[in-house]
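Subject: Structure handover

Hi,

Here is the structure I promised to pass on. Please load it first, then read the notes below.

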Amino acid sequence: MRILSADQLPPLGDFDYRVEGLLQTDSKMSEVLLVTDRKNRQVILKVANVQQRAWAESNCKAIQNTVTWLTQLGNHPGIARLMPLERCDQSGRRFRWSSPCYVAQLASWPGAPDFLATEYLPGGTLSRFVGKKRLPIEFALWIAYHIAQTLAFLHGRQCVHRDLKPENILFRTSPAHAQGLEEALPVLIDFGVAASVNEPKMVSGSRLWMAPELQTAYERRVLPVSPTWDVYALGLICCYMLSGIRPRRKRYDYQDYLEYQARVFALLDEELAEPSAASAVNRALQALLQRTLAQKPEQRPTAAEFAAELATLLKAVSHYRPMATALVQQIEKMPAKPRQKRQWLLLAAGLLGLLVVLVLYLTLGRKQPLPLAALAEAEARGDDHVVTVDQNPNNNLSQEIVAVVTGPVTAGQQVTSLPMGTKPLAGGHIDGRVDALPSTTPTATPSVTVLPPPPTSAAVAAVTKPPTLVALPTWAPTPSPSPTASLSPTASPTPSSTATATRLPTVTPTATARPTARPTTPLPTVAPVGTIRLIAPEADIVAGQARVEFAWEIEGAPLAPDQCFELVFWDPAKRQDQRSPVGAGRAQARHVNFAALAEASDPLLRSLMRSSQGFQWGVRIVECAAPATILRAVEEERHYTYQG
């Protein structure tokens, strides 16, 4: 992968990266920049290609789709890690505590393209590693096994990659220079066209590595997404590693790769003719590849089944090739499930912190009783004495009254409480002495506690407040700016989008009661959601144009990083059944191909396109990662009739 000069690249604005160069790839959907972040780590910035206006929207959508899937899939050793974007404010100060933002727009670039950041994989692609040479059979099976394991992980989470090819399989360290097998593990990248299992999608991807059923449907009709497409592509990649021969693209639409299989199997027959154990492995391997490259999708194995059979073949190879033993041992010691981030540890740490704060509050807010013998020692010094009388020692929520005593106090003496409603003087003292108080005695024997003498020398009664808790130091994260036009170098975060950290409130108990309820935690702030205004087409349009652009604008507040627009159609008689013909995205204009929708697998869209009564349309705001979560429903609607 050659690094091109970055002298002519536009600046990155307020994003905190140092550009090292532009990587030369075969991708037409995005530009790939090699940069260094604030921790001096090499990072990849993938920027949508918006130079061609016809493909700008779909390329930006691919960036957003990649972020959506990588955030849902989490941390897996076989998937490239998504990294939060790093920004600076106008003064150059870094945002260290901002909430993670994974997709934004480069306002300083023409067209303001969307972009994301992932880890840099310097080991190169599988295509570059294999080239035109044949890999040893044990190493080819080992690589294919780990790719199949990663695909099984994806398919188990209802994700189909849909663009599996050697150029989208990279290594963190080149296998030729890796110090250990863990460094040579294959890693999948580019989830731009990934989709959910059984989701109706227009066929797209790299035609050279497509299953036969996708060849004739390429960019022509919608098919339900199937995991067998990834398995078929992996079968072709396995043949490529075993032979060093890439499949060739023929001129006609349909190709079954039968001729390609025959060439690969002939090479395997030559290599695995002897000994007899190798011959048995050859027969089993060819049978597995034939099922993987079956013309009918239902005859192909799943990714998990393919991985299990590859592991069995690798063990058989180790009987006559000692170098395969280390590969088998590495597979056997791999964990059954990838280690995921345990979010519950963060929750447990937060609860533990609240518990510590609660204990400190109870400790600081409670007066420790002193023995009555201390009163005699204070009286011997001739000091005034402040005593605390608990009117009801058996009640944890009892009222506490503080009085000043001037006369001698002996052990066992009972001190009467101050009458309720006594008028306080300046400074919180009460007019009166203990020896002048009414002689009423409470039913329960009050407890007497000695406190330090007050600064005043008058023998008066005083009511003091319990100590006020000092709020613990907290941090307030800097707001994560909206990835719209406000991401220009002159933009600054708005206070309204700041996600305030949870802070314990300052508690001031009253003089008559000690609170025991736990401090309440304020609800997190929610980013404001703007209002959608429809622009085009106008209402009550009747037309036969197959490709139509729907446009709108947002007022009040721009989209937050996790918010997307969703264009929806519905039957006027069934407003609750709204369906999106193009999916969620951040663009404020979407093109709809009515001719394709008339043949869509979705019965609602198909009936709306064929109805002479037309349909209603509008735009709502949803969460990008979970479009089923509607943040603002359709408020303005228009009618459109397609007569194709």
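A residue counts as buried when its relative accessible area is under 20%. By that cut-off, 44% of the 644 residues of the chain are buried. Keep in mind that this is a predicted model.

Overall picture first. The chain holds 13 helices and 28 strands. Its accessible surface is about 33300 Å², and carbon and sulfur atoms supply 55% of that. Among contacts with a separation of 6 or more, 66% link residues 24 or more positions apart.

The largest nonpolar core has 91 residues. Those touching the most other members are Leu126, Trp142, Ile143, Leu154, Phe191 and Met241. Helix α3 gives this core its largest share, 13 residues. There is also a second, separate core of 24 residues, with Val548, Phe565, Val582 and Val619 among them.

Phe191 deserves a look. Beyond its neighbours within four places in sequence, Phe191 contacts Asn65, Thr66, Trp69, Leu70, Leu73, Ile79, Leu154, Cys159 and His161.

Next, α3 itself, residues 137-156. Is it enclosed or open? Of its 20 residues, 17 are buried, so the helix is largely enclosed by the rest of the structure. At 1.5 Å a residue, α3 should span 28 Å, and its end C-alpha atoms are 28 Å apart, so the two agree. Just after the helix, Gln158 adopts a positive phi of about 65°.

On to Arg81. This residue sits in the loop between α1 (53-73) and β5 (82-83). Leaving out residues up to four places away in sequence, Arg81 touches Asn75, Ala117, Thr118, Glu119 and Arg172. The C-alpha atoms of Arg81 and Tyr120 are 8.9 Å apart, although 39 residues separate them along the chain.

Last, the surface. Which residues form a nonpolar patch there? They are Leu352, Leu355, Val356, Val359 and Leu360, with about 450 Å² of accessible area together. Leu352 belongs to helix α10, residues 343-364. With a relative accessible area of 53%, Leu352 is exposed, because the cut-off for that class is over 50%.

Best regards

Notes:
Residues are numbered from 1 along each chain as its sequence is written. This is a predicted model: local features need pLDDT of at least 70, side-chain atom pairs count only at pLDDT 80 or more; totals for chains, interfaces and linings use all residues. Side-chain values use heavy atoms; hydrogens and water are left out. Patches are made of residues with over 30% relative accessible area and no salt bridge: like charges are joined within 9 Å, nonpolar side chains (Val, Leu, Ile, Met, Phe, Trp, Tyr) within 5 Å. Accessible areas come from the Shrake-Rupley method with a 1.4 Å probe; for residues, only the protein chains shown count as cover. A salt bridge is a side-chain nitrogen of Lys or Arg within 4 Å of a carboxyl oxygen of Asp or Glu. Helices (H or I, at least four residues) and strands (E, at least two) are DSSP runs, numbered from the N terminus. Buried means under 20% relative accessible area, exposed over 50%, partly exposed in between (1.4 Å probe, protein chains only). The expected span of a helix is 1.5 Å times one less than its number of residues. Contact means heavy atoms within 4.5 Å. A nonpolar core is a set of buried Ala, Val, Leu, Ile, Met, Phe, Trp, Tyr and Cys residues joined through side-chain atoms within 4.5 Å.
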